[in-house]
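My entries follow the structure.

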Amino acid sequence: MKEQVEYLDIVDDDDTVIGKVTWKEMMDKGLLHKTANVIVFNSKGEVFVHRRADNLSLYPGLWDVKFGGSARSGETYEEAAERELREEANITRPRLVELFSLKFRSKENNVNREVFKCVYDGPIKLDRSEVAEGKFVNVEEVKKMLMEGKLSPAAVNVFTEFLKRKEVKM
């Protein structure tokens, strides 16, 4: 059976689609693309943090505060967020709330990011090919992980922006 190739839209700073490439080409060239992220809270206001699998090409073994990934070609940010939650944590039909847009630029990863949140108290079944382990912790514990350098650069980007925005309530 032939493996299906995943295509991503390449965008400019204003999020206008300017091309389409494979995921590998996007990573190899560090091209700007769209990424959707979801911070998962439980009803106690705790954040689900997870350690990225050691086999991942981007930030292996570091902790993250969000589920998410690259939007496929033609996919909206919300569609990508829902798909990534389903693939990585087996969370289906989440009630997503848009929090903020954010740009992230680095040598390894260049994205226009849309960040959502959801409140979820059901079972989380992690995709072990992407996530090594996970747990709910309070925001103070996430701050401690940040200070100890345990978070991925992308998680630092999202979590520090989350903390800056006083209007963002859990």
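**Salt bridges and a loop residue**

I looked up Glu 6 and found it partly exposed, at 31% relative accessible area; buried means under 20%, exposed over 50%, and partly exposed in between (1.4 Å probe, protein chains only). The model is predicted: local features need pLDDT of at least 70, side-chain atom pairs count only at pLDDT 80 or more, and totals for chains, interfaces and linings use all residues. Residues are numbered from 1 along each chain as its sequence is written, and side-chain values use heavy atoms, with hydrogens and water left out.

I checked the partner of Glu 6. Its side chain forms a salt bridge with that of Arg 72 (3.5 Å, N to O), a salt bridge being a side-chain nitrogen of Lys or Arg within 4 Å of a carboxyl oxygen of Asp or Glu. Glu 6 sits in the segment before strand S1 (7-11) and Arg 72 in the loop between strand S6 (67-70) and helix H2 (77-89), 66 residues apart. Helices (H or I, at least four residues) and strands (E, at least two) are DSSP runs, numbered from the N terminus. Arg 72 is partly exposed at 32%.

I then took Lys 24 and Asp 28, which form a salt bridge at 2.7 Å, N to O. Both lie in helix H1 (residues 23-29), four residues apart. Lys 24 is exposed at 53%, and Asp 28 is exposed at 55%.

Last, I looked up Asn 109, in the loop between strand S7 (97-105) and strand S8 (110-119). Asn 109 is buried at 7%.
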